[in-house]
Amino acid sequence: MEIFLTYLKVFLVGGGICLIGQILINLTKMTSARILVTFLLTGIFLEAIGVFEHIKNFAQAGATIPILGFGSNLAKGAIEGAKSSGLFGALTGGVKAVAAGLGGAIFIGFIIGVISNAHSKS
Amino acid sequence: MMLDKEKQKEYLAEVRKEMPKTKHFSTMLKAFITGGLICCVGQSISLLIKHFFPEFDEKTVSGFTTMFMILITCVLTGFGIYDKIGSFGGAGSIIPITGFANSIVSPAIEHKREGIILGLCANMFSIAGPVIVFGISASILVGIIYLFI
């Protein structure tokens with residue numbers, strides 16, 4: 001029963017975030033790059049003011065899988081770095097925290113790009 | 001002059017009538033369902049990783065979950081399946097981390113025939129580039145602000 005409730009929360013919060021994005025697209029005709037940047041910056045802002053932690057505790061993957069989670073990881077890493085090793089930490093902490101996602105995306109993207117061929121868009 | 005402007009207005013009204021209306025309700029519902037389902041897949045992956053590798057701490061689990069989601073997306077994009085999810089789900093397929101991965105692989109495949117370096121590698125970041133630039137810059141700003149408070 002508890003696992004069902006967890007999935008319900010994940011679904012509602014994750015879906016809700018995407019719903020807000022779709023409303024933005026419908027109303028302002030934003031392109032996907034703009035949408036991604038907007039939500040990323042929102043994630044960084046929410047983490048910086050300490051709100052994101054609560055959303056994450058409530059919805060788990062519903063909060064971390066959207067690009068908001070990527071932004072929150074960046075901000076969290078920078079804040080932790082600033083606390084532990086000053087200016088150097090502030091400069092390197094963010095990138096260090098998202099190295100898994102960034103490195104994975106670049107490496108896997110490169111490999112898949114090399115081995116697969118373009119599909120005609122029908 | 002006045003006549004021209006009135007004519008323009010009339011013409012615009014006429015054009016707007018003929019334009020296909022954005023189906024707000026159905027696109028929103030589709031985005032909600034797609035986004036929710038992708039997040040549920042992510043939740044399942046992180047639960048599975050926690051189950052099989054109980055020694056991992058929270059950061060490692062979330063890192064592996066992200067990588068796994070990216071791997072799945074890249075493979076689906078390679079087979080042309082993610083494009084179909086994208087045309088169905090709209091924002092529901094863009095905003096999750098899978099959309100970020102798709103935005104890297106999709107132009108890479110498309111521009112491959114222009115060469116590996118100037119085609120594939122240079123175009124990988126046509127959408128992801130701004131995201132990375134804004135993300136890293138903003139995170140450094142936040143870090144520097146935290147130095148002073």
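Some ground rules come first. Residues are numbered from 1 along each chain as its sequence is written, while chains are lettered from A and ligands numbered from 1 in the order in which they are written. Because the model is predicted, local features need pLDDT of at least 70 and side-chain atom pairs count only at pLDDT 80 or more, whereas totals for chains, interfaces and linings use all residues.

**The two chains**

Let us begin with secondary structure. Helices (H or I, at least four residues) and strands (E, at least two) are DSSP runs, numbered from the N terminus. Chain A has six helices and zero strands, and chain B has eight helices and zero strands. Chain B is more spread out than a compact globule, because its radius of gyration is 22 Å, well over the 15 Å that the globule rule gives for 149 residues. That radius is taken over C-alpha atoms, and the rule is 2.2 Å times the number of residues to the power 0.38.

A residue is buried if 20 or more other C-beta atoms lie within 10 Å of its own, exposed if 12 or fewer, and partly exposed in between, with C-beta atoms placed from the backbone. Two residues are in contact if their C-beta atoms, placed in that way, lie within 7 Å.

**Where the chains meet**

How many residues of chain B are in contact with chain A? The model has 60 residues of chain B in contact with 59 residues of chain A. On the chain B side, α2 (24-52), α3 (58-78), α5 (91-94), α6 (97-110) and α8 (125-148) each supply at least two residues. The largest share of that side, 15 residues, comes from α2(B). Sorted by type, the residues of this side are 37 nonpolar, 21 polar and two charged. Here Ala, Val, Leu, Ile, Met, Phe, Trp, Tyr, Cys and Pro count as nonpolar, Asp, Glu, Lys and Arg as charged, and the others, Gly among them, as polar.

**The core**

A nonpolar core is a set of buried Ala, Val, Leu, Ile, Met, Phe, Trp, Tyr and Cys residues joined through C-beta atoms within 7 Å. The largest one has 68 residues, and those with the most contacts inside it are A:Leu36, A:Ile67 and B:Phe100. The largest share of this core, 10 residues, comes from α5(A).

Look at B:Phe100 in the structure. Leaving aside neighbours within four places in sequence, B:Phe100 is in contact with A:Leu36, A:Ile67, A:Phe70 and A:Ala105, as well as B:Ala128 and B:Val131. As for α6(B), 13 of its 14 residues are buried, so this helix is largely enclosed by the rest of the structure.

Helix α5 (residues 67-97) of chain A also holds A:Ser72. A:Ser72 counts as buried because it has 29 C-beta neighbours inside 10 Å. Beyond its neighbours within four places in sequence, A:Ser72 is in contact with A:Gly43, A:Leu46, A:Glu47 and A:Phe52.

Helix α1 (residues 2-28) of chain A has 27 residues, which at 1.5 Å a residue should span 39 Å; its end C-alpha atoms are 39 Å apart, in agreement. That expected span is 1.5 Å times one less than the number of residues. Among the buried residues of α1(A) are A:Val10, A:Phe11, A:Cys18 and A:Ile25. Their cover includes α2 (32-48), α3 (52-59), α4 (61-64) and α5 of chain A together with α2 and α5 of chain B.

A:Gln60 lies in the loop between α3 and α4 of chain A, and it counts as buried, with 23 C-beta neighbours inside 10 Å.
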